[in-house]
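Subject: Structure handover

Hi,

Here is the structure I promised to pass on.

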Amino acid sequence: MSEKEVNNPFVVGKYQSDKYFCDRVVETAFLHKQIENGRDVALISPRRIGKSGLIQHFFNQQDVKNQYYVFFVDIYATTSLAEFVYTFGKEIYTQLKPLSTQWKEKFFQVISSFRVGFKLDAMTGAPSFDLGLGDIQAPQMTLDEIFTYIEEADKPCIIAIDEFQQIGEYTEKNVESLLRTKIQRCNRAQFIFSGSKRHVMSNMFNSPSKPFYQSAISMSLDPIPIDTYKQFAISLFDERSKHVETEVIEHVWQQYEGYTWFVQMMMNELYALTPEGGTCKTSMIEDARNNVIMSQEQSYKDLLSNLPPKQKTVLQAIAKEGVAQNITSVKFIKKYNLNSASSVQSAVKLLLKNDLITQSDNRYRVYDFFLSEWLATYY
């Protein structure tokens, strides 16, 4: 997408180009080195800190595009091997569809179990992927076909599997072993396993009892340094005949602890509030924050309406604390009128499982900073 098509340079939730991507020079070089030397990578960091953006940025490097086929497979919403196979296969076909290669033409020949989804456009005669999840009758067989297809690629592949820890939640119990075997035998692809549940991912790749033990180089992401992000943000304002006080950027970065998505979301709104030729000032931060939070209010209300009462009250208590410690103590339970230490523990376990809160040592906070602020301020 060209610069003219980007009205707001603080892009949120998707990768556009190098121009709108901040830093990660060292991390991109690290990925280059590992992939070029035949090493798979386990990228383990919290959500919303920029893992997906880094992978897409790496994929967008010209030498990578020239040397490899690249695929980004997001399995966050999958719950079974069949869904994994469906998502994996569809991503491969979607990326190859615009290309004119013999390898693309072999897609439905090699992955024969996908032929049920092979359709020809009535107007253009072009093939399309019209497959439903229910058409995956034998997922292990289809997975075999997908890996056979990868092995026949006319250039090597890089396959990033996002939220890889999800395979541990599948109904089938042998998925880790099955995938490890397939990947170990795959000579035409390098893999990037990206995951946000650090303890689960670390266990998968660092525990001797797990199939993926020491199968990938571990990598983590820290927030982009504040000085680097300041230069980036100032340049984006200046290039569009707008300006921003450095104190604005510092305040936003610190308030959201450098988590890329939340910082970008605030800067996106602040940029939108700044008139052409004007200067973004600290006095605008509160309006920007309110606008962002209120734009999400209905989804937050829906989320709360689907939470059991005990989880809801514990979530609210953690939000009001900001960072909560000793949450099973008598003091904390009494302060927020909670039931008991055992009920708090069971609620926290489910809130962690559903990614509504995060834990670091004995410290808990609501994962979504904006949800936390909404709960603490408006609810």
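**What I found**

There are zero disulfides in the structure, a disulfide being a pair of cysteine sulfur atoms within 2.5 Å. Before the rest, a word on the basis: this is a predicted model, where local features need pLDDT of at least 70 and side-chain atom pairs count only at pLDDT 80 or more, while totals for chains, interfaces and linings use all residues. Residues are numbered from 1 along each chain as its sequence is written, and side-chain values use heavy atoms, with hydrogens and water left out.

Now the pockets. On a 1 Å grid over the protein atoms alone, a pocket is an open set of points where a 1.4 Å probe fits, with protein on both sides within 12 Å along at least five of seven lines; lining residues have an atom within 4 Å of a point. Volume is the space filled by probe spheres set on the points, which are joined across faces, edges and corners.

The largest pocket holds about 790 Å³ of space. It is lined by 31 residues, and Gly13, Lys14, Gly50, Ser52 and Gly53 are the closest to its centre. Helix H2 (51–59) is among the elements that supply at least two lining residues, and H2 gives the most, with five. (Helices are DSSP runs of H or I, at least four residues, and strands are runs of E, at least two, numbered from the N terminus.)

The second largest pocket has about 570 Å³. Its lining has 20 residues, with Lys197, His199, Leu352, Asp355 and Ile357 closest to the centre.

Last, the inside. A nonpolar core is a set of buried Ala, Val, Leu, Ile, Met, Phe, Trp, Tyr and Cys residues joined through side-chain atoms within 4.5 Å. In the largest one, which has 78 residues, Tyr229, Met267 and Phe370 touch the most other members. H12 gives the most to this core, with eight residues. A second, separate core has 47 residues, including Val73 and Phe164.

Cheers

Notes: Buried means under 20% relative accessible area, exposed over 50%, partly exposed in between (1.4 Å probe, protein chains only).
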